[in-house]
Each structure stands twice: as C-alpha cells, then as structure tokens.
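Here's a quick briefing on one model, with a look at some strand pairing and some ring contacts. Have the structure open while you read.

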Amino acid sequence: MAPTLTLKPGTAWSDAWRRALAVAPEAFRADHVLNLWGGAWQPDGRPLPATSPVDGSPVAGPPRLDAASATRAVRAALDQHRAWRHVPLPDRRARVAAALDALAEHRELLSLLLVWEIGKPWRLARADVDRAVDGVRWYLEHIEGMLDGRAPLDGPVSNIASWNYPMSVLVHAMLVQALAGNAVIAKTPTDGGLACLTLACALIHRAGIPVTLVSGSGSELSEALVRSPEIGCVSFVGGRDTGARIATAVTDLGKRHILEQEGLNTWGVWEHTDWDALRTVIPKLFDYGKQRCTAYPRFVVQRTAFDAFLAAYLPAVAAIRTGHPLAVEHPDDPPPELDFGPLINAAKAKELTDHAAEAIDRGAVPLFRGNLDPARFLPGQDVSAYVAPLTLLSPPASSPLYHAEPFGPVDTIVLVDTEAELLAAMNASNGALVATLSTDDPATFARLAPQIRAFKLGHGTPRSRGDREELFGGFGASWRGAFVGGELLIHAVTQGPDGERLPGNFPEYQLMP
C-alpha cells in the first residue's frame with residue numbers, strides 16, 4: 001500500500017503569504033496586493049479572486065486597474081524615466097546589484113510563491129529565480145562596453161509577458177532595461193505570478209530603481225501600455241493572436257518593439273541511429289509540462305525508423321514524474337523531484353484534453369497515455385489542472401494540435417518518407433524559436449539545417465532561450481522586432497548612432513527609431 005502524503009511543513013500558501021507580508025508590508029495587505037506606480041504602492045485597483053493550479057485553493061488575485069489609472073501610471077513612469085536616464089552608470093549598477101542581493105536573500109520565498117501561483121516544481125521554481133539573478137549579474141560585469149556610444153530611450157520600456165517565467169524572463173528583462181538607463185513598466189500576467197512579482201518589485205523598488213507594476217486586462221490596458229506616446233519600447237512575450245495585434249499597433253506608431261510569440265518547435269529524426277542519446281533527452285523535454293516557449297511538442301520521424309524511435313521514446317516518456325509539487329511522505333523530506341506539476345489552470349487542462357480528444361476522433365492514433373498516480377497527490381486533492389503525458393501519431397491537419405503550440409504535455413508525431421516532407425512538416429507553423437534535427441551524417445545536417453525555419457537549431461540536442469552572449473529571436477510569425485541576448489538586449493532598449501537599424505525580424509518597410 002502506498003504511503004499517504006502530506007504537505008511539507010511551512011510550505012502552505014498561508015505560510016508563503018505570511019512571510020511575504022512580513023518581508024514587504026508596503027506591498028502586501030492581509031488579503032490582497034497593491035499596484036506599484038508613481039514611485040509608491042497604490043491602493044487602487046479591483047482585486048479579483050484567483051486559485052492555485054496546485055490544488056484549486058484560493059490565492060491572491062490581481063488588483064485590476066482601469067484604463068484611466070493605467071494612463072496615469074504610464075505618465076508617472078515617464079517622469080521617473082526622465083530622472084533615471086541621467087543617473088550615472090556606476091550608481092545604476094550599484095542599485096541593480098543591491099536589488100539582486102535582496103532577490104537572492106529571499107530566493108526560497110520567491111520560489112515557494114512560484115510553486116503555488118504557477119505550479120512549478122520546486123527544482124524549476126528555484127532555477128527560475130537563480131537564472132534571473134545570475135543572468136543580470138553577468139550584465140553588471142559587461143555593461144560598460146555594451147553601452148559605449150549609446151543612450152537610454154526617450155521613454156520607459158513597457159513589458160507584457162506570459163506567466164510561465166516571471167523571474168528569469170520578466171524580472172531579468174526589467175533589471176537589464178533599468179541598468180541600461182530606462183524606467184520600466186510591467187503588467188502582471190493574467191494567469192499567475194502576482195505575489196512573486198509583487199515581492200520582487202518591492203525589493204527592486206527599495207533599491208531605488210524606477211519600476212512600475214500594474215494589473216489589469218490586456219484589452220483595457222493596451223492603450224496605455226502599448227500605444228501611449230510616453231512609451232519608448234514595448235517588450236512582449238506571449239501568443240500569436242495578442243502579439244499580432246500589438247505588432248500592428250507598434251508598427252503603425254513606429255515604436256521600438258521586441259515581440260516574442262509562440263511557434264511549433266519541432267524535432268526531426270532522419271537517417272539517425274543514436275537512440276540512446278534520444279532516450280536520455282526525452283524526459284528533459286517535459287520540464288514544466290512543456291509550458292515553455294522552447295518546448296518541443298512535435299517529432300517529425302522518418303517512417304523507416306519509426307519502430308526504433310518508439311523503442312527509445314516510449315520507455316522514456318513512461319518514466320515522466322508528475323504530482324503535487326510540495327507533497328512529501330515525511331516532514332523532513334525535501335520536496336519531490338518532479339518533471340512537472342499542474343498546468344497553469346484547470347481551464348487550460350480541459351482545453352488541451354478536449355483538443356486531444358478531438359484529434360483522436362478525427363483519426364490521430366494515441367501511442368501513449370499516462371496516468372496521474374494517486375500516490376503522488378494528497379488525499380482528496382483537486383487535480384483538475386493536472387494532465388498526464390499523452391502522445392498522438394498523425395494529428396489531422398484540421399486539429400489545433402497540428403499547427404499550434406499545445407503548451408502542455410502532449411506530443412504529436414508525424415511520419416515522413418522524403419526530405420521534402422521532413423522540411424515541410426518541421427516548418428508547419430511558419431517560423432519557430434528553436435528546432436532540432438537528429439541525423440548521423442554531419443553533411444546531411446549542414447544541408448538541411450538552413451531550410452528549417454527556426455532561429456536556433458540543434459544537431460541532436462535541444463536548444464534553449466539562453467541569454468548573456470547568446471543571441472535569441474525567431475523566424476516568421478514567431479517573432480517581431482528586435483532580437484535580444486548579450487549586447488543586443490542592451491541595444492534593443494537604447495539609442496545608438498543616427499540611422500542605426502537593429503538586428504531583428506522587421507517588416508521590410510519599417511525603419512527603427
């Protein structure tokens with residue numbers, strides 16, 4: 001009989017909230033958080049209810065601003081920007097360094113908030129915090145050369161990001177943008193990360209960095225956060241539908257922008273025999289339930305190698321571990337080692353399950369269907385946001401799973417007979433952020449790689465978003481605007497010589513200011 005699990009002591013949501021209130025009483029109230037704008041924590045906004053994907057229990061909901069309040073917040077950020085852009089670089093470096101020290105000091109609490117708010121396993125939550133801190137420290141060491149001959153923008157940078165990496169994507173970007181001399185604005189992601197971001201911004205604000213954090217619906221706040229003339233740059237991470245609307249707005253306005261959008265990242269298998277290497281990497285591809293912009297949900301496999309592929313793939317996917325991120329057998333046990341916990345919410349879990357069922361009804365073949373092991377959950381726990389791994393062969397072209405990124409633990413496999421079919425299937429979404437081709441022959445890789453429409457391409461190994469020296473962007477509909485990474489992340493949010501054209505994916509007719 002399997003042992004009964006309990007919640008690890010000191011890790012309940014109430015424990016995390018109490019600790020956050022003690023660390024940043026200026027930003028947290030007994031049952032809600034405040035918005036940060038105009039250099040102060042503001043009581044405006046209408047708090048909405050929210051639940052944790054971990055077990056469906058209540059957590060803090062966003063204090064949503066209306067459009068008029070957001071406009072006031074943006075104008076206040078411009079005033080902060082005009083002062084901050086003249087702060088000498090050594091002073092900016094010292095303040096950013098102080099903010100990083102404070103984030104590192106509260107690493108465990110930030111991580112615990114991430115577990116409850118967006119369902120990250122403990123290992124991945126801590127990694128999200130560490131990547132933010134370590135990544136910005138690298139910029140502190142190299143910023144002088146990156147800023148040579150450059151100046152801050154004329155207005156603050158507006159950040160609208162998805163919920164999946166609040167620290168290593170959003171907070172990291174905000175601190176680098178501030179280091180470059182810009183005031184920064186961030187919209188809290190609608191689906192999660194509110195308390196973590198509030199605590200992080202409280203620590204950043206205390207260091208004397210001009211940061212604005214507001215909550216609200218994208219449709220209501222977009223006029224202020226995207227179209228306001230005060231905004232110097234828009235940085236967006238999210239889906240293609242919203243990204244397309246923002247791209248139209250910023251292009252019409254001639255506004256500087258960085259728009260990272262979804263794409264169907266693919267893993268091709270052609271004339272390949274190193275199945276042990278593939279078997280080893282499969283579990284890593286399921287980190288955080290594939291709720292990542294660089295996840296690989298599609299395998300394009302040479303038909304004659306399909307049996308060997310399955311022999312490597314199926315045992316690996318069967319070993320994937322999912323469950324409650326904080327459930328333990330004994331109080332002194334560390335949090336469980338999981339590949340992923342819940343999806344971001346029960347609605348997303350149902351949507352993904354419905355799409356899979358629809359694909360099967362239309363002819364897709366289920367090759368693997370995992371189960372949620374009751375031994376990895378608390379007794380009687382709500383598991384409506386959890387989805388076990390699922391693998392489908394030949395999703396129909398009419399299914400959303402054929403063209404779109406599922407953003408969940410569902411793999412699809414497409415079989416091909418020719419190199420032309422391989423390339424067509426790998427390019428199904430008109431551009432992606434990453435792709436991988438597993439092939440034994442280096443010459444074959446070199447010949448096919450330029451025809452794969454992904455920004456980063458691995459030879460038998462997965463690619464990641466990366467930062468520091470590594471350039472990042474996307475092809476086709478997966479990216480619009482300036483590329484980032486290393487000095488280009490700085491260049492994207494600063495002004496260079498007259499007539500400068502930033503590296504990136506821009507419409508042919510657009511000249512960047």
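Which residue in strand 10 does Asn-159 stand opposite? It's Ala-186. Before going on: this is a predicted model, where local features need pLDDT of at least 70, side-chain atom pairs count only at pLDDT 80 or more, and totals for chains, interfaces and linings use all residues. Residues are numbered from 1 along each chain as its sequence is written, and side-chain values use heavy atoms, with hydrogens and water left out.

- Helices (H or I, at least four residues) and strands (E, at least two) are DSSP runs, numbered from the N terminus.
- Strand 9 covers residues 157-160, with Val-157 and Asn-159 pointing one way and Ser-158 and Ile-160 the other way.
- All four of these residues are buried, meaning under 20% relative accessible area, with exposed being over 50% and partly exposed in between (1.4 Å probe, protein chains only).
- Strand 9 pairs in the parallel sense with strand 10 (residues 184-187) over 4 bridges; two strands pair if DSSP finds at least two bridges between them.
- To get from strand 9 to strand 10, the chain goes through helix 6 (residues 166-179), in a right-handed β-α-β crossover. Right-handed means that, with the strands pointing away from the viewer, the path from the first strand over the helix to the second runs clockwise.
- Strand 9 also runs parallel to strand 12 (residues 233-238), joined to it by 4 bridges, and there Ser-158 has Val-234 as its bridge partner.

**Aromatic pairs**

- The whole structure has 16 aromatic pairs. Rings of Phe, Tyr and Trp (its six-membered ring) pair if their centres lie within 6.5 Å; planes under 30 degrees apart count as stacked, over 60 as edge-to-face and the rest as tilted.
- Trp-163 and Phe-407 have ring centres 5.8 Å apart and planes at 85°, so they make an edge-to-face pair.
- Trp-163 is in the loop between strand 9 and helix 6, and Phe-407 in the loop between helix 13 (400-403) and strand 19 (410-416), so the pair ties together parts 244 residues apart in sequence.
- Trp-163 is buried at 10% relative accessible area, and Phe-407 is buried at 17%.
- Phe-299 and Phe-309 are a tilted pair, because their centres are 5.5 Å apart with planes at 55°.

**Charges over rings**

- Lys-120 lies over the face of Tyr-288, 4.9 Å from the ring centre. The criterion is NZ of Lys or CZ of Arg within 6 Å of the ring centre and within 35 degrees of the ring normal.
- Lys-290 has its charged end over the ring of Phe-286, 4.3 Å from the centre.
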